[in-house]
Amino acid sequence: MKTDELIALMSTDVAPVSAGAVGRRMASASLAAAGLALMVLMVWLGLRHDLMGAMHTGPFWMKAGYTIGLTVGGLMLVERLARPGTAPGSGLWVLAAAFMGVTTLGAINLALSAPRQWAAAWLGDSWTVCPFRILIISAPAFAAIIWGLKRFAPTRLALTGAAAGLLAGGIGATIYGLHCNESTAAFVATWYTLGIAACAGIGALLGPRLLRW
Amino acid sequence: MLRGLAGDGAAHGEMLSSMSRYLRGYFSRRLGAGAADLEDLVQDTLLAIHLKREAYDPAQPFTPWAYAVARYKLIDHFRRTGARPTSPLEDAGELFAVETAEEGAVRRDLSKLLGTLPERQRQVMIDVKLTGHTVEEAAQRSGMSISAVKVSIHRGLKALAKRVSDEDR
């Protein structure tokens with residue numbers, strides 16, 4: 001087929017596309033991801049028993065604020081990286097701000113408590129399982145994000161995969177926050193971050209394989 | 001590009017055909033003029049610009065975006081073919097006797113690829129492509145509605161792009 005014919009063929013079929021297509025699709029992929037993660041959580045671990053009460057406390061929103069912050073930052077990154085030749089942009093600052101916020105809070109809390117309570121505050125009851133649970137809950141979320149991304153054209157596949165993993169990890173961790181009853185910022189800054197970082201790392205490894213076009 | 005995004009087919013075609021000239025220059029500088037894969041790459045890239053046009057942000061300049069697509073396709077091509085092609089000195093004569101890559105002398109036979117499409121898709125694509133019918137005429141000939149023809153062509157193009165990339169893997 002000659003190139004001119006290909007061009008003629010392509011210009012017979014020009015559905016209009018709107019400017020915000022990437023953002024809208026990635027936002028709906030994120031919602032789908034959250035839905036999938038919630039399903040896994042409900043079937044596997046269930047909600048924490050005192051969820052209604054916990055929603056009136058600071059630590060619950062500290063956790064949610066951190067993971068939602070990472071989710072927003074990840075979504076901003078993915079929205080940029082889905083386009084050819086685009087730099088990651090300001091999503092990085094949102095991620096950095098969320099991380100700085102929770103580590104500062106954790107450090108202040110530790111500084112104000114007695115040294116013999118530090119281990120308990122840092123390790124909580126679930127530090128051995130928390131990162132793995134986040135990883136598993138985020139796996140279906142990751143699939144949904146990749147599904148959303150397939151329609152677009154990332155050119156830096158490992159970086160985009162990492163951003164997709166981070167977004168999925170942020171969503172998974174937010175959902176896991178509905179089960180987890182840890183309440184210290186030091187715990188969240190360490191073990192939540194570890195789980196989400198593992199998601200991003202796996203995303204970076206899988207990106208070049210899954211996102212080719 | 002902007003008018004193409006709004007659904008103006010003629011403007012879209014103009015954009016694609018002027019891009020095809022730039023792309024031919026871009027790839028021939030990097031692969032050597034007359035490289036056998038030149039036209040394949042141009043077509044791959046045009047197809048990607050067309051199918052991935054949602055990933056263009058109208059607030060950004062268009063040319064860097066299009067060249068980023070071309071660069072991605074070029075890197076992908078090098079990865080598949082094992083970096084840059086080299087040939088031993090004894091065979092250097094062949095390098096100079098390259099077939100004159102007349103435009104459209106494509107290694108990959110896209111008509112053969114077309115044959116792998118479902119009947120309805122293939123027929124409308126051939127009508128519109130080979131015999132130069134308008135979409136309306138193709139619709140009449142196949143008994144489909146105009147929008148069904150457009151949808152067939154769109155799906156056909158997508159399927160072709162997928163086949164091409166599967167074949168290269």
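A residue counts as buried when its relative accessible area is under 20%, as exposed when that area is over 50%, and as partly exposed in between. The legends below use these terms for a predicted model.

Figure 1. R212(A), D76(B), R79(B) and R80(B) are linked in a network of salt bridges. D76(B) has a relative accessibility of 4%, under the 20% limit, and therefore counts as buried. Its side chain meets that of R212(A) in a salt bridge with an N to O distance of 2.9 Å. This pair crosses between chains: D76(B) belongs to helix α4 of chain B, and R212(A) to the segment after α9 (185–210) of chain A. R212(A) has a relative accessible area of 22% and is therefore partly exposed. Over all chains, the structure holds 8 salt bridges.

Figure 2. The side chains of D76(B) and R79(B) meet at 2.9 Å, N to O. Both residues are in helix α4 of chain B, 3 residues apart, or about one turn of the helix. The salt bridge between D76(B) and R80(B) has an N to O distance of 3.1 Å. Here the separation within helix α4 of chain B is 4 residues, again about one turn of the helix. An α-helix has 3.6 residues a turn, so residues three or four places apart point the same way. R80(B) is partly exposed, because its relative accessible area is 29%.

Figure 3. Just after α4(B), G82(B) takes a positive phi of about 75°.

**Figure 4. Helix α3 of chain B covers residues 38–51.** The helix has 14 residues and reaches 20 Å from its first C-alpha to its last, close to the 20 Å expected at 1.5 Å a residue. Of its 14 residues, 13 are buried, and α3(B) is thus mostly covered. Within chain B, confidence is highest in α3(B), with a mean of 91.

**Figure 5. Confidence is lowest in helix α5 (residues 92–96) within chain B.** The mean pLDDT of helix α5 of chain B is 48. Over residues 93–105 of chain B, pLDDT stays under 50, and the model has 13 contacts beyond four places in sequence for this stretch. Where pLDDT is low, the predicted coordinates should not be read in detail. Chain B as a whole averages a pLDDT of 77, and 78% of the residues score at least 70.

**Figure 6. A nonpolar surface patch of chain A is formed by L38(A), M42(A), V43(A) and L47(A).** The patch has an area of about 360 Å². V43(A) is placed in helix α2 (residues 21–44) of chain A. With a relative accessibility of 74%, over the 50% limit, V43(A) counts as exposed.

Figure 7. From G35(A) to I171(A), the C-alpha to C-alpha distance is 9.6 Å, for a sequence separation of 136 residues.

Figure 8. Chain A has 9 helices and 0 strands. Of its 213 residues, 48% are buried. Among the contacts in chain A with a separation of 6 or more, 84% join residues 24 or more positions apart. The accessible surface of chain A is about 9500 Å², and 73% of that surface belongs to carbon and sulfur atoms.

Methods. Residues are numbered from 1 along each chain as its sequence is written. Chains are lettered from A and ligands numbered from 1 in the order in which they are written. This is a predicted model: local features need pLDDT of at least 70, side-chain atom pairs count only at pLDDT 80 or more; totals for chains, interfaces and linings use all residues. Side-chain values use heavy atoms; hydrogens and water are left out. Helices (H or I, at least four residues) and strands (E, at least two) are DSSP runs, numbered from the N terminus. The expected span of a helix is 1.5 Å times one less than its number of residues. Buried means under 20% relative accessible area, exposed over 50%, partly exposed in between (1.4 Å probe, protein chains only). Patches are made of residues with over 30% relative accessible area and no salt bridge: like charges are joined within 9 Å, nonpolar side chains (Val, Leu, Ile, Met, Phe, Trp, Tyr) within 5 Å. Accessible areas come from the Shrake-Rupley method with a 1.4 Å probe; for residues, only the protein chains shown count as cover. A salt bridge is a side-chain nitrogen of Lys or Arg within 4 Å of a carboxyl oxygen of Asp or Glu. pLDDT is the predictor's confidence in each residue, from 0 to 100. Contact means heavy atoms within 4.5 Å.
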